[in-house]
Amino acid sequence: MARLLSRVGRWVFRRRRLVARMWLVAAVLAIVAAVAAPSGEEEDLTMPGTESQQAFDLLNQRFPGNDAEGAEARLVFKAADGQRITAPGQQAAVEDTLGSLKDGDQIASVSDPYDDKAVSKDGTIAYSTITYTAGATSLSDSTKSALEDAAEHARDAGLTAEIGGDALDAEVEPGGTTEMIGVVVAAVVLILTLGSLVAAGLSLLTAFTGVLIAFGAVTALSVPLGLTSTVGILALMLGLAVGIDYSLFITSRYRDERAQGREPEEAVGRALGTAGSAVVFAGATVIIALAGLSVVGIPELTKIGLGGAGAVALAVLVALTLVPALLGKFGNRVLARSIRRARRRGRPVRAKRPRLAGRWAGFVLRRPLKVLIIAVLGLGAVALPTLGLQLGLPGDESKPVGTTQRDAYDLLSQGFGPGFNGPLTVVVDTASADNPQAATNRVVDTLQQMDGVASVGEPVLNKAGDTAVLTAIPETAPTSEETTDLVNHIRDEASVLEADTGADVFVTGSTAVNIDISQAMSDALLPYLSVVIGLAVLLLLVIFRSVLVPITAALGFLLSVGAAFGVLVAVFQWGWAADLIGTEQTGPVMSLMPILIIGIVFGLAMDYQVFLFTRVREAYVHGRPPREALIEGFRHSGRVVTAAAIIMCSVFAGFIGIHSPTIQTMGVGLAFAVAFDAFVVRMAIMPAVLALLGRRAWWMPRILHRVLPKVDIEGESLAKHDRVLTSV
């Protein structure tokens with residue numbers, strides 16, 4: 001691979017203008033496609049094959065014309081202080097408000113709180129359920145404005161009026177100030193690391209080029225492929241982070257080769273043959289891990305994984321082609337000022353090796369056991385909260401305090417109990433029942449007698465009379481463990497009811513969907529983790545030609561991921577420092593996060609493992625003793641890997657400011673996971689283990705040497721080629 005990529009680098013260097021123009025055209029086409037594309041729609045999170053999804057499908061079949069997954073809003077009213085919502089004046093204001101909505105576009109129905117008995121026991125709070133003919137993301141701006149205007153009309157009449165449900169859910173858009181802070185931090189780190197504004201600008205320019213094309217492609221394909229805003233934001237987040245890092249690694253190696261006296265074209269070839277090989281394998285691990293998310297079976301997770309994988313693949317391609325083209329374009333300006341000055345004066349120069357990285361490696365070599373114990377125990381302590389990890393999906397309770405959705409949630413909890421915000425929809429399919437009416441009554445009686453059920457609504461029948469829909473209100477909040485237990489209990493009783501009556505009973509609704517998806521994620525977590533770890537060990541066996549290095553690297557990955565999950569539990573479940581990121585309400589960690597973070601962090605962890613320890617192995621292969629090879633590797637790559645990790649953490653942390661539970665959780669989890677893996681696992685645990693193992697760290701059975709392919713990331717074939725040319 002080293003020889004192939006070296007030839008690619010030389011070819012790009014010679015045709016740098018053509019390559020740069022091609023990327024410019026690609027960026028322009030991506031922008032045009034994104035601007036011309038129609039707006040995409042946010043799709044609801046579904047889990048094919050689950051009971052809740054089967055019930056939705058049945059409802060759509062038996063109640064044609066009524067979208068079971070259509071948008072729904074709850075307009076919640078509270079009477080003025082000291083009054084009751086049933087007072088004539090208050091009731092007139094409520095009815096006048098609802099009357100303004102009934103003839104609106106996309107409205108399926110508007111309930112009357114007085115006819116439906118949707119008034120709290122103390123008479124101060126009432127609500128109306130507004131159902132729509134389209135999903136939340138398909139509602140027009142005028143439809144949403146009409147709902148907001150109705151609430152404002154009620155407020156003008158002296159009522160408190162808030163809007164809950166999913167009708168006002170908006171697409172999450174990137175581009176806030178916190179993301180820009182992350183980019184600014186990345187720019188500062190690049191300047192300090194490379195000592196050249198041009199070199200720092202080159203890394204940012206190439207990363208932005210890849211991100212622009214990736215984000216444009218996602219936007220253009222959002223309608224035909226059903227891609228949501230989360231896919232675009234993850235592509236932006238990952239593409240920016242890895243794009244800067246990959247460019248930094250190749251640029252840094254190019255500068256090293258130039259400092260050793262090589263001509264620009266030769267230096268580009270050597271940089272791509274060594275650092276470029278590492279970029280290919282590092283990017284491949286991220287791509288495989290993200291693409292592997294498709295095996296979980298959740299369409300949205302599959303799209304997120306494939307979108308992120310596409311962004312990373314594009315970042316790799318940009319690093320291998322546009323970076324060497326721009327290195328040729330900018331010439332000596334990418335070198336540090338001190339090196340340029342020395343070249344002008346005709347003095348020999350050699351790149352200065354950062355002393356701090358070498359000193360740190362020497363410190364670890366002198367105290368490997370102490371460093372190993374402290375690092376492992378430290379990560380283990382941070383990971384302890386993971387034992388209490390609860391998975392779920394956020395609702396209105398997770399919205400920031402002061403938003404109308406959060407206020408509506410609180411008003412409904414106050415007036416009707418915490419379970420009212422998470423009603424369960426029980427679907428009774430009586431098509432095969434001997435006595436449909438008796439079967440439906442039996443289900444109603446069973447639900448009413450269950451502990452944890454606050455109330456059961458009247459059955460709603462379809463025209464054919466073979467399907468009944470019941471609404472059961474739990475006594476506990478939607479995300480509580482008691483509600484999960486209740487759903488499981490109803491489903492256990494459903495099997496008994498089916499055997500006795502012949503009717504099929506399903507539990508669905510947003511709360512049941514969340515429970516089903518959370519359970520599916522929990523069930524898939526260990527198998528997916530096993531596949532990822534197995535892949536890590538196999539890939540690192542090929543790269544490092546060692547048995548113990550891959551095993552240690554994989555175990556270190558588990559530690560860093562466990563510690564990241566511990567932070568997520570502490571922040572989002574326990575509320576530690578949650579107010580700093582605008583999360584006032586604690587609750588379960590998002591169901592998708594563990595698997596998503598494992599997939600992303602696995603690839604990024606292997607990035608740093610490859611970039612840092614291929615230089616260690618390179619020194620070892622070229623004859624250095626193990627301890628000297630470790631110090632040499634850290635001197636060459638320690639500072640660059642540190643800078644890359646800081647950049648990646650900054651980029652991920654920059655997305656925490658987006659007010660989306662998905663993006664906030666992802667930003668916190670990825671930022672801490674990268675920090676733990678880069679600074680604790682790769683910088684402390686791995687060198688300590690290598691110091692304790694000595695030459696045994698690089699041992700591999702002969703049979704594996706013969707069977708496994710040799711990829712030559714260290715550039716050994718390039719060195720041999722140079723020696724042959726020299727001898728000739």
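Which residues in helix 3 meet Ala512, Val513 and Asp516 in helix 18? In this predicted model, Glu51, Ser52 and Phe56 are the residues of helix 3 that do so. The residues of this contact divide into 3 nonpolar, 1 polar and 2 charged. A pair of packed helices can be described by the angle between their axes and by the distance between those axes. Here, helix 3 (residues 51-62) and helix 18 (residues 510-544) pack at an angle of about 140°, and their axes are 8 Å apart. The two helices are therefore oblique to each other.

A sheet comes next. Strands of a sheet pair through backbone hydrogen bonds, in either a parallel or an antiparallel manner. In this open sheet, 4 strands follow the order 2-3-1-4, with antiparallel pairing. Strand 2 (107-110) and strand 4 (160-165) are the edge strands, each pairing on one side only. From one strand to the next, the twist averages 20°. Strand 2 is joined to strand 3 (residues 125-132) by 3 bridges, and Val110 has Ile130 in strand 3 as its bridge partner.

Helices also pack against these strands. Helix 4 (residues 88-99) lies across strand 1 (72-78), strand 2 and strand 3, and runs at about 160° to strand 1. Helix 15 (residues 404-416) touches strand 1, strand 3 and strand 4, and its direction makes about 100° with that of strand 4.

Finally, a loop residue deserves a look. Asn435 sits in the loop between strand 6 (424-429) and helix 16 (436-448). Asn435 counts as partly exposed because its relative accessibility is 43%. Its side chain reaches the backbone nitrogen of Ala438 at 3.1 Å. Asn435 and Thr501 are 66 residues apart along the chain, yet their C-alpha atoms are separated by 7.6 Å.

Terms used: Residues are numbered from 1 along each chain as its sequence is written. This is a predicted model: local features need pLDDT of at least 70, side-chain atom pairs count only at pLDDT 80 or more; totals for chains, interfaces and linings use all residues. Side-chain values use heavy atoms; hydrogens and water are left out. Buried means under 20% relative accessible area, exposed over 50%, partly exposed in between (1.4 Å probe, protein chains only). A polar contact is a pair of N or O atoms within 3.5 Å; within protein, one must be able to donate a hydrogen and the other to accept it, and residues adjacent in sequence count only if both atoms are side-chain atoms. Axes are lines fitted to C-alpha atoms, for helices over the stretch in contact, and angles run from 0 to 180 degrees between N-to-C directions. Angles under 35 degrees count as roughly parallel, over 145 as roughly antiparallel, 65 to 115 as roughly perpendicular and the rest as oblique. Contact means heavy atoms within 4.5 Å. Ala, Val, Leu, Ile, Met, Phe, Trp, Tyr, Cys and Pro count as nonpolar, Asp, Glu, Lys and Arg as charged, and the others, Gly among them, as polar. Two strands pair if DSSP finds at least two bridges between them.
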